[in-house]
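Please keep the sequence and the coordinates at hand while reading.

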Amino acid sequence: MNSSVITDSETLALREFHPFKTDGVTYLYMVPSAGIFRMDGPSDAILEALGKGPKVKTELINELSGQFNIDLLLETIDELIEIRAIGDIDAPKDLVPNDLPPVGFPLTTMVLNVTNKCNLACTYCYEYGEDKIVDTKYGNQPKFMAEETAKESVEFLLEESRGQDVAHITFFGGETLLNFPVLQDTVAYARRRAAEEGKRIEFSLTTNATLLRPEIIEWLADNQIGVTISIDGPKEVQDGLRVFHNGKGSYDVVEPKIKELLKRHKTRPIGARVTLTQKNMDVLKIFRHLTEEMGFWEVGLAPVTTQDQRDYAITSEGKDDMLEQFGVLAQEWLECALNDEHHGFSNVKDTLEEIHKGVSKAYGCGAGLGLMGVATDGDVSLCHRFAGSPEHTIGSVTDGIDRDKQGKFLVDHHIASKTDCHTCWARPICSGGCYHEAHVQYGTSSHPNLHYCTWVRSWTHTCLEIYGALAEKNPKFLNRFDA
Amino acid sequence: MKHIKAVNQKAARIEAWVAYEAEQTQPAELDVVGLESRPPHEQNGPHFPLGCSLVFSPGWEADSAGGTAGLCQPVERDIFDCHLSCFWPAHVPDQLNHSPDWTSTCASAQKDWRKLDLIFP
């Protein structure tokens, strides 16, 4: 195909891809398609030769004909042209596609902020701390979501998840368990209504674990509710920033409750979600504590979202340190995967799944499209982090989605509008990153998260190397990411 | 492909697409795409519209109601629609040969059209 338009006298040059090596084998991560191809001797040599500068095809073949058979070189050049790793030097760059999602794109996940009240006062909280965007204390939003609003939200999800067999509800807060009665009613109601509509709804919630009681744990296990615990690590870490309103640390309260939950609740995996700050950066210690001592199946770690001037904001040296520790855990994860064993570092697993499928994202996440947040009053926002913010509200569960507002959001946040990202090889996976992070950092959700570029590229590169190693040595392990 | 190996799922799809395209290159198949009525998934690869005069997409000569009240306004909105695949009523730099990056700083024409600069040889 393409090869037929390249004549022998035309000049070949490298096109857009990111190379990585595992155990001496070169792989290309194609940009923007996100396909991964394994190179061999001749293809390596061709890429190396063109890496020094564009060459006329005949010259390239002459240069390499001492090492390889000419037919082999010609075939390999054709294949490299076909996957667009190389091409005519004058060929225009592929434009960044700017096609919008089709009208009627289904909603699959709804995050219900059942309360905006919390019994903890974590220093770094984006909902209550210095970077909050909604006045959760004196604002107009009700403190708790009413049972009626929760039911309307369920109806909204059933309607908007058109065509999907399964939909997801995640309960969020504030501290979710402060509104336990509404959780119970909503799950029962949603189950009944979903059955009537021939659908299935799955549930999960996030909690700080302070309010877990035996009867709540029973209910979570019986109802197969996925649970994510917000926790920062061992006592000295947890008690530093995750404190009650009187300043007292929360570790001693949550530790026995979490152990009880992990003992009783086996119907869904229970994960820990750690917020890393400049004040708690010992990733390895935190991870070991939460998996080995606490017994969590999976632990995911994310850097705090905040402005640079806060004393808990992670500095650029801190980001390097964090990356290095992530690298250590990632290598451990790989060792386990090579032996078909489980390792609870969920950050790797999530990225590998996207690498395996070859996702090339038009948006940093599904907010405002496949995922939406519902505030306590029933207003629908981009995601739970924007719940209650008028600027980021795109409808309500009673009146539906404001399609004009959603459409404008989808145009403004599309990768095609993020010119800064257009030369970055990691854009298929990153696509500019979290809208809330961008809003806090730059004052607008449509801004790409440029302060994380180096970090994202390094982390993606690490995960690509892991993927290469697995594809070579234990490819059947990757089957779990199929579907 | 004999030498390069597709590793992830997307690469396998690219390989399948390349093989499919190679099969479809008989000259008889290369007809006027815009006049074909087969469904999109059976067409020969991407669909390149042949321009206003054939499919009559409203634009420079008439608006969607057939009148002239709602012509392309502002004109820069249509630069990507019109100057690449269709009639653009003014000279633009030659993007195929000499100025392939002319629009590279203009991700969204409506917003960034001021970045489209003159070309000084």
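## Strand pairing in chain A

Strands E3(A) and E4(A) pair in the antiparallel sense over 3 bridges, where strands are DSSP runs of E with at least two residues, helices are runs of H or I with at least four, and both are numbered from the N terminus; two strands count as paired if DSSP finds at least two bridges between them. The model is a predicted one, in which local features need pLDDT of at least 70, side-chain atom pairs count only at pLDDT 80 or more, and totals for chains, interfaces and linings use all residues. Residues are numbered from 1 along each chain as its sequence is written, while chains are lettered from A and ligands numbered from 1 in the order in which they are written. Within this pairing A:Tyr27 stands opposite A:Arg38 in E4(A), and the hairpin that E3(A) and E4(A) form has 5 residues between the strands, with A:Ala34 in the turn at a positive phi of about 75°.

Strand E2 (residues 17–22) of chain A also pairs with E3 (residues 25–30) of chain A, in the antiparallel sense and over 6 bridges. A:Pro19 has A:Leu28 in E3(A) as its bridge partner, and in this hairpin, with 2 residues between the strands, A:Asp23 takes a positive phi near 50°.

## Helix packing in chain A

Helix H1 (residues 41–51) of chain A packs against helix H2 (residues 57–64) of chain A at an angle of about 120°, and their axes are 11 Å apart; axes are lines fitted to C-alpha atoms, for helices over the stretch in contact, and angles run from 0 to 180 degrees between N-to-C directions. H1(A) is therefore oblique to H2(A), given that angles under 35 degrees count as roughly parallel, over 145 as roughly antiparallel, 65 to 115 as roughly perpendicular and the rest as oblique.

A:Ala45, A:Ile46 and A:Ala49 in H1(A) meet A:Leu60, A:Glu63 and A:Leu64 in H2(A), a contact being a pair of residues whose C-beta atoms, placed from the backbone, lie within 7 Å. The residues of this contact divide into 5 nonpolar, no polar and 1 charged, where Ala, Val, Leu, Ile, Met, Phe, Trp, Tyr, Cys and Pro count as nonpolar, Asp, Glu, Lys and Arg as charged, and the others, Gly among them, as polar.

Chain B has 4 helices and 1 strand, which follow the pattern β-α-α-α-α along the sequence. Of its 121 residues, 11% are buried, a class that requires 20 or more other C-beta atoms within 10 Å of the residue's own, with exposed meaning 12 or fewer and partly exposed the range in between.

In the contact between the chains, 23 residues of chain B touch 31 residues of chain A. Strand E1 (5–6) and helix H1 (9–23) of chain B each supply at least two residues of the side facing chain A, and H1(B) gives the most, with 7 residues. That side of chain B divides into 11 nonpolar, 8 polar and 4 charged residues. Strand E4 (residues 36–38) of chain A pairs with E1(B) in the antiparallel sense over 2 bridges, and the bridge partner of A:Arg38 in E1(B) is B:Lys5.

## Surroundings of A:Tyr251

A:Tyr251 lies in helix H8 (residues 251–264) of chain A and counts as partly exposed because it has 19 C-beta neighbours inside 10 Å. Not counting residues up to four places away in sequence, A:Tyr251 touches A:Lys235, A:Gln238 and A:Asp239.

Terms used:
Contact = placed C-beta atoms within 7 Å.
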